[in-house]
Every structure is written in structure tokens, then in C-alpha cells.
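Trainee: I would like to go through this model and ask what stands behind each term.
Mentor: Go ahead.

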Amino acid sequence: MAEITKPAAALGKKKKRLRQDIVKENIEVWSMMLPVLVLIFIFSYIPLWGVVIAFQNYLPGSPFFDPANWVGLKHIRQFVDSIYFSRLLINTIRLSLLSIAFTFWVPIIFALFLNEVTNLRFKKVVQTCSYLPYFVSSVVVAGMVISFLDVNGIINNLLAAFGATPYEYMTDPAYFPAIYTVTTIWKGFGFESILYFSTLSSIDPSLYEAARIDGANHMRQIWHITLPGLKSVIAIKLIMSVGHILSSNTDMILLLYNSSTYKTADVIGTYVYRLGIQGGKFSYTTAVNLFMSLIAFALTSIANRVSNKLTGSGLW
Amino acid sequence: MDLSKKSAAELRELRKRNRIRDRSRLGTAVIYIVSVLIAFITVYPMYYVLILSLSTPHEALTMRVYWWPKGFFTDGYRRILMDGKLWVAYRNTIMYCSVRAVLNLATSVLAAYPLTVKKLYGRRFVTYFLLIPMYVSGGIIPEFILSTKLHLYNTPWALILPGAYSIWYIILVRSYFHSIPESLRESAKIDGANSYHILWNVFLPTSKPILAVIALYTIIGVWNSWYHASIYITNRAWQPLQLYLRRVLIEQTGQLANAIFDDAEALRMAQEQQISNNQLKYTIIIISSLPMLIAYPFFQQYFVKGVMLGSLKE
């Protein structure tokens with residue numbers, strides 16, 4: 001009965017020790033994560049504050065914020081009045097819509113398709129092959145695209161067999177969106193399909209069993225069991241890609257485009273890279289970036305609201 | 001018919017029969033043929049580059065090689081392997097990969113463990129502090145200016161320090177740590193272990209799969225990236241492999257063709273030079289991609305795991 005008759009003093013002492021333990025643990029874990037938080041503060045938060053240069057004529061060497069250089073919305077106005085505003089917006093949206101219309105669906109179709117293969121070994125080999133392009137760097141992929149589409153390249157050679165005359169596809173702006181889309185599909189579809197494969201394998205096999213007994217044929221099984229199983233993953237991915245409608249794959253475009261295809265290939269990211277990093281127009285390009293991010297945010301909100309209305313689920 | 005009353009053998013038989021009835025033989029054939037075609041489309045371009053790199057330079061230029069190398073030409077490999085610039089770039093990439101993998105592992109583990117402590121002071125603050133940079137960023141220009149202000153520009157640190165952490169990895173590790181039973185921590189505490197001991201001796205040994213995922217994601221990402229290096233590092237002594245590749249593959253322009261040569265012999269020599277330079281592209285692609293292409297089938301399982309862990313969060 002010692003527990004019950006324990007004096008209050010001892011209980012208080014125990015509480016105190018518990019408190020001390022908590023303080024000790026907190027000191028330990030805070031000292032543990034503090035260096036990481038400092039790193040994040042320097043490299044993620046200071047650049048966030050650096051966006052104020054969008055409203056100034058920033059001079060290299062001066063601090064991020066210097067009231068003497070303040071010009072307000074001058075840079076944003078200048079950008080909106082230039083021909084680049086509509087061109088970049090249209091190019092970016094065009095590439096994103098192509099991505100939503102094609103690049104998005106290929107991994108899903110691929111996963112559904114390969115799901116039909118019953119030989120597991122064969123399936124595994126095809127899957128492994130499909131991941132390969134993901135592990136090839138974008139520099140190499142772009143290098144291959146450029147040399148394959150050369151006037152002397154394999155594509156022109158093959159088309160010549162069907163009577164086509166050799167053509168410089170890489171320098172014609174009309175072809176850029178197609179080249180870019182096919183390249184990104186090739187590079188990413190296998191890897192993107194992993195998510196769908198794992199979702200497919202989590203569908204309860206007894207559902208198929210039951211459908212068979214009810215006399216559903218193969219296509220009906222896909223339609224009524226497999227597709228509904230993928231629905232929620234597809235919906236989330238779709239909303240996310242609408243959110244990214246103004247952020248195209250700058251990395252790949254920078255490698256694939258050239259001065260003769262700017263008309264259709266130049267997007268916000270490449271414009272900022274060219275004028276800001278290579279041209280040194282720091283304030284102007286920061287303003288461009290900021291303004292486009294605001295538009296992207298507005299578009300995402302609209303997409304989210306529409307999705308909430310239509311499907312009852314959204315990102316927030 | 002009650003399924004549960006059937007024996008396992010009967011069920012298997014039923015399943016087999018159903019499968020056969022499900023799809024015609026033609027359908028199966030179509031599925032296998034298309035699958036082979038898809039595998040071919042993904043693998044052939046790399047294979048094609050390989051046979052171009054082994055063909056004679058003239059065949060490589062006109063790209064009239066399809067299945068096997070025409071001729072057998074290893075001079076390109078000899079020339080490239082003797083090229084000191086390639087090895088400098090190779091060494092830099094290996095350095096960036098290993099340093100950033102180690103730092104990313106360290107930062108994600110060190111930031112994730114505290115978040116699993118029950119009575120963490122300021123948890124709300126830390127959570128928001130980590131979430132905000134996932135949604136907004138300053139963009140490349142302020143990041144670039146910061147790098148010059150800190151005198152990191154044009155040194156390896158300009159790539160290493162901003163790339164030493166990933167908030168996404170921190171969240172990934174935290175959710176993995178959450179699956180470790182609390183009782184393990186409690187019993188270690190009773191044995192007198194402090195938080196550092198617990199992290200090192202209890203949490204890390206049980207988290208090997210997620211640590212492997214993070215290390216591999218970092219290594220592949222760094223190995224294949226060129227964009228940040230092209231912004232921060234103009235000094236060729238510190239440039240990674242992908243920038244070297246970009247110079248050779250993308251920016252290579254026909255300066256030679258436009259140059260004016262005095263006599264026909266010099267022009268012919270220059271053209272020969274250009275033709276063999278053209279083939280070197282393929283050789284360099286093979287040499288730079290080979291380590292990744294040999295290794296990826298072995299660690300693809302970790303990528304699959306990573307994608308699944310990531311999708312759990314969504």
C-alpha cells in the first residue's frame with residue numbers, strides 16, 4: 001500500500017524531475033536542429049526578403065533594401081507593357097496545357113496497359129526499361145534530341161525513306177512545342193507510372209473475382225474496378241499540375257531552345273535566366289518572376305475552387 | 001455459390017479458367033507486342049548512341065547506322081579518356097554527389113528527430129518555419145545575389161550549402177520516424193541515453209530504408225543537374241560533369257565551318273577534325289551516363305519505395 005500513502009512531497013519531486021527531463025530533452029533537440037534551421041533561414045528566407053529588389057533599381061553591392069533606389073511598380077509596369085508579357089504567358093500556358101493533355105496521361109495508360117501482362121518476369125523487365133530515361137540526364141537527353149533531329153540525323157534519314165525532304169526541325173518555332181512534349185514524355189513516363197503501379201497493386205483482388213462471377217468481361221472490369229481505384233490519385237495529380245501551369249520545365253527548355261525558336265519556346269523561367277543571370281537585369285527579372293508567381297497563385301486558387309465545387313476535394 | 005466453401009485448389013482452377021476466358025489470344029499477343037515496343041522505344045536511343053560511338057566517324061556523322069556499329073572505332077574513347085578536363089569534371093561531380101548526400105542525410109535526420117519529440121517547445125513555430133519555404137521562394141535572382149553577397153559565388157560552397165537541405169526530405173524522414181514505436185525511445189531514456197544517443201543508436205538503425213532513399217535521390221539529382229551549377233560556377237575547375245557535357249553537346253556550334261581557310265588541305269583537315277569531334281559527343285554521352293545506367297536497375301526498388309512513401313504524405 002506504499003503507493004497510495006506516498007507523501008505529497010515525493011510526488012511533487014517526481015513532477016519536478018519530469019519537468020527537468022522535458023527541459024533537458026528540449027535543450028538537446030533544439031541544439032540538434034538549430035544548425036539546420038539557421039541554414040534554412042539563410043538560404044530560403046533571406047532570398048524571400050530579397051524579392052524587395054523588384055521594387056527598386058537594385059545596384060550590385062548595395063543591400064537588398066535601400067530606400068534611395070525605390071521605384072515602386074515601375075518594372076512590373078514595364079514588363080506588362082512589353083510584348084514579352086503576352087508572349088511568355090501564352091508560351092508557358094501552351095506548354096503546360098500540352099503537358100496536361102498528353103504527358104499527364106501516358107504514365108496512367110502505360111500502367112493500366114502493363115497491368116494486363118500476366119508474366120511477372122516480363123512485366124518487370126519492361127518496367128525496368130521504362131525507368132531508364134529517367135536516369136539519363138536532361139543534358140544528355142537534349143543532346144540526343146538535337147543530334148537525332150539534325151539535317152543528317154536519324155529522324156531525317158528515316159523520313160527520307162518515305163520521301164520527305166530533310167528539314168531543320170530544331171530551328172523552326174512551329175515544331176518546338178511538339179519536340180518538347182515528346183521529349184518530356186519519353187524521359188518521365190516510366191518513372192511517373194510507379195505511383196500508378198503501386199496504386200493498382202493495392203486494389204483488392206477479390207473485387208475482380210466477384211466481377212468475374214457476375215459475368216463482367218475484361219474491359220468492364222477495367223472500367224468498373226481498375227479505373228475507379230485510380231480515380232483519387234489521378235484527381236490529386238491533376239489539381240497539382242493545374243497549380244504548376246505557370247511553371248514549366250525551365251531546365252529542359254533552356255537546353256532544347258535556341259534563338260530561332262524563342263517565339264514559341266521562351267517561357268518565364270528562361271526569360272528570367274537569360275535577362276537576369278546572363279544579362280544582369282536583377283530588379284526587372286525579379287519583378288517579372290514575382291508578378292508571374294502572383295498570377296500562378298491566382299490560377300491555382302481558381303483551380304482549387306473549381307475542384308472543390310466539382311469533386312468535393314481540393315488541395316486546401 | 002458460396003466462395004468460402006470452395007477449396008483453395010478449386011478456386012485456383014476457377015481463376016485460371018476465368019483468366020483464359022477473359023481475354024482472347026489476340027488480345028494477349030497485342031499486349032505483349034506493344035510492351036516490347038515500349039521497352040524498345042525507351043532503350044533504343046541510348047543503344048543507338050552506343051553504336052554511334054563505336055562506328056567510324058563518317059558513319060556516325062551521317063547516322064546511317066541502325067543495329068550494329070559500322071566499323072569498330074575506339075579512338076574516340078581513347079581520346080576522351082585521355083582528356084584531363086573530363087576527369088576534373090567527373091571528380092567534381094563525384095565530390096558534389098557525396099558531400100551533398102552526406103549533408104542531406106545529416107540535415108534531414110537532425111531536423112526530423114526533434115519533431116517526433118512529444119513535448120517539443122515551439123513546435124508550431126518550427127512547423128510553419130518548415131512549411132513556408134515549400135510554397136514560396138525568392139526565385140533565382142535573389143538567391144544568386146545572396147550567393148555573391150556571402151562570397152560563395154564561383155566556389156563549390158555555392159552549390160553545396162543551399163543544396164545541403166531539403167524540406168521535403170525532412171518531412172519524409174519525420175513521417176518515417178513516427179512509425180517507430182515510442183516504447184523504444186522510452187526504454188532508451190530509462191537506460192540513461194540522451195537524445196543524440198537515441199537518434200544514433202535507436203532511430204537511425206531502424207531507418208535504413210528511408211536513409212537509402214534519400215541518399216539515392218540526392219545522388220541521382222546531383223549527378224544529373226546542371227542548372228544551378230551554370231548559375232553559380234563559371235570557374236571550369238569546379239564545374240560538374242553535366243556542364244562539361246552541355247558545352248560539348250548543346251553549345252557546340254559550327255565555328256569551324258564558318259572559319260576561312262587559306263588552302264584546300266587546311267580546310268580538309270579542319271573538316272576531318274570536325275567530323276571526329278562530332279563523334280566524340282556520343283562517346284562522352286556513354287562515358288558520362290554509364291555509371292548511372294549500370295547502377296539503376298539495382299537500386300530501382302528504393303525509388304519505388306520512395307515514391308510510395310511520398311504518396312502516403314499526399
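Mentor: Start with contact: two residues are in contact if their C-beta atoms, placed from the backbone, lie within 7 Å. The contact between the chains takes 71 residues from chain B and 65 residues from chain A. This is a predicted model, in which local features need pLDDT of at least 70 and side-chain atom pairs count only at pLDDT 80 or more, while totals for chains, interfaces and linings use all residues. Residues are numbered from 1 along each chain as its sequence is written, and chains are lettered from A and ligands numbered from 1 in the order in which they are written.

Trainee: Which helix gives the most to the side of chain B that touches chain A?
Mentor: Helix H16 of chain B, residues 264–313, with 14 residues. Helices are DSSP runs (H or I, at least four residues), numbered from the N terminus.

Trainee: How do the residues of that side of chain B divide by class?
Mentor: Into 47 nonpolar, 16 polar and 8 charged. Ala, Val, Leu, Ile, Met, Phe, Trp, Tyr, Cys and Pro count as nonpolar, Asp, Glu, Lys and Arg as charged, and the others, Gly among them, as polar.

Trainee: Why is H13(A) called roughly parallel to H7(B)?
Mentor: Helix H13 (residues 268–278) of chain A and helix H7 (residues 140–149) of chain B pack at an angle of about 25 degrees, with their axes 10 Å apart. Angles under 35 degrees count as roughly parallel, so H13(A) is roughly parallel to H7(B). The axes are lines fitted to C-alpha atoms over the stretch in contact, and angles run from 0 to 180 degrees between N-to-C directions.

Trainee: Which residues meet there?
Mentor: Val272(A), Gly276(A) and Ile277(A) in H13(A) meet Ile140(B), Ile141(B) and Phe144(B) in H7(B). By class, that contact has 5 nonpolar, 1 polar and no charged residues.

Trainee: What makes Thr148(B) partly exposed?
Mentor: Thr148(B), found in helix H7 of chain B, has 14 other C-beta atoms within 10 Å. A residue is buried at 20 or more such atoms, exposed at 12 or fewer, and partly exposed in between, so Thr148(B) is partly exposed.

Trainee: Where do the domains of chain B lie?
Mentor: Domain 1 covers 3–73 and domain 2 covers 78–313; such bounds come from an automatic or database domain assignment. In chain B, 9 residues of domain 1 are in contact with 9 residues of domain 2. H2(B) supplies the largest share of the domain 1 side, 5 residues.

How values were computed:
Helix = DSSP H or I, 4+ residues; strand = E, 2+ residues; numbered from the N terminus. Parallel < 35°, antiparallel > 145°, perpendicular 65-115°, else oblique.
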